[in-house]
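User: I would like to go through this structure with you. Could we start with the overall fold and then move to individual residues?
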Amino acid sequence: MALNNLPEISDQILEAEKQIELRNFDAARLLLNELICANENNLDALNDLAVIEILTENYDLAMTLLMQILAIDTQNEVAIENLQYLREKFSPILGGPEGS
């Protein structure tokens with residue numbers, strides 16, 4: 001039964017990503033939150049939601065989402081890359097390696 005839902009889920013992810021590209025963040029959030037409500041461990045939806053939060057400068061929420069993803073899948077490359085982006089962005093502010 002779950003396999004029958006895969007094309008619909010994939011289509012919804014693709015539509016959300018299209019909305020993100022168009023900067024229609026509210027529409028994308030709605031689609032992604034529907035997927036997350038159906039499966040709180042939907043890593044694609046969580047990653048896309050984290051991207052929205054980064055793009056809208058909600059960095060604390062983005063970090064929370066990324067940590068949630070990595071708690072589920074410690075090797076998730078998308079989450080790792082997005083986390084690295086946030087670390088680099090805030091390294092000068094937080095006194096990262098350059099300031100040590």
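User: What should I know about the source of the model and its numbering?
Analyst: This is a predicted model, in which local features need pLDDT of at least 70, side-chain atom pairs count only at pLDDT 80 or more, and totals for chains, interfaces and linings use all residues. Residues are numbered from 1 along each chain as its sequence is written, and side-chain values use heavy atoms, with hydrogens and water left out.

User: How many helices and strands does the protein chain have?
Analyst: The protein chain has five helices and zero strands, and its elements run α-α-α-α-α from the N terminus on. Helices (H or I, at least four residues) and strands (E, at least two) are DSSP runs, numbered from the N terminus.

User: And what share of the residues counts as buried?
Analyst: Of the 100 residues in the protein chain, 36% count as buried. Buried means under 20% relative accessible area, exposed means over 50%, and partly exposed lies in between (1.4 Å probe, protein chains only).

User: What part of the contacts comes from residues 24 or more positions apart?
Analyst: Such pairs account for 40% of the contacts in the protein chain with a separation of 6 or more. Contact means heavy atoms within 4.5 Å.

User: Turning to packing, at what angle do helix 3 and helix 4 cross?
Analyst: The axes of helix 3 (residues 43-55) and helix 4 (residues 59-72) cross at roughly 160 degrees and come within 8 Å. Axes are lines fitted to C-alpha atoms, for helices over the stretch in contact, and angles run from 0 to 180 degrees between N-to-C directions. Helix 3 and helix 4 are therefore roughly antiparallel to each other; angles under 35 degrees count as roughly parallel, over 145 as roughly antiparallel, 65 to 115 as roughly perpendicular and the rest as oblique.

User: Which residues make that contact?
Analyst: Helix 3 contributes Leu 43, Leu 46, Asn 47, Leu 49, Ala 50, Glu 53 and Ile 54, and helix 4 contributes Tyr 59, Leu 61, Ala 62, Leu 65, Leu 66, Gln 68, Ile 69 and Ile 72. By class, the contact of helix 3 with helix 4 has twelve nonpolar, two polar and one charged residues. Here Ala, Val, Leu, Ile, Met, Phe, Trp, Tyr, Cys and Pro count as nonpolar, Asp, Glu, Lys and Arg as charged, and the others, Gly among them, as polar.

User: What about helix 2 and helix 3, how are they arranged?
Analyst: Helix 2 and helix 3 pack at an angle of about 150 degrees, with their axes 9 Å apart. Helix 2 and helix 3 are therefore also roughly antiparallel to each other. Among the residues that meet are Phe 25, Ala 28 and Leu 32 in helix 2, and Leu 49, Ile 52 and Leu 55 in helix 3. The contact of helix 2 with helix 3 divides into ten nonpolar, one polar and three charged residues.

User: Which residues touch the most other members of the largest nonpolar core?
Analyst: Leu 32, Ile 52 and Leu 66 do, in a core of 25 residues. A nonpolar core is a set of buried Ala, Val, Leu, Ile, Met, Phe, Trp, Tyr and Cys residues joined through side-chain atoms within 4.5 Å. Helix 1 (2-21), helix 2 (25-38), helix 3, helix 4 and helix 5 (77-94) each supply at least two residues of this core, and helix 3 gives the most, with seven residues.

User: What does Ile 52 touch?
Analyst: Not counting residues up to four places away in sequence, Ile 52 touches Ile 20, Phe 25, Ala 28, Arg 29 and Leu 32.

User: And Leu 86, is that buried or exposed?
Analyst: Leu 86 is buried, with a relative accessible area of 2%, and is found in helix 5. Leu 86 touches Ile 54, Tyr 59, Ala 62, Met 63 and Leu 66, again not counting residues up to four places away in sequence. Leu 86 and Ile 54 are 32 residues apart in sequence and 8.2 Å apart in space, C-alpha to C-alpha.

User: A change of topic: what is the phi of Arg 23?
Analyst: Phi of Arg 23 is near 65 degrees, a positive value in a residue other than glycine. Most residues other than glycine have a negative phi. Arg 23 is found in the loop between helix 1 and helix 2, and at 52% relative accessibility Arg 23 counts as exposed.

User: Where is Glu 57?
Analyst: Glu 57 is in the loop between helix 3 and helix 4. Glu 57 has a positive phi of about 65 degrees although it is not a glycine, and Glu 57 is exposed, with a relative accessible area of 56%.
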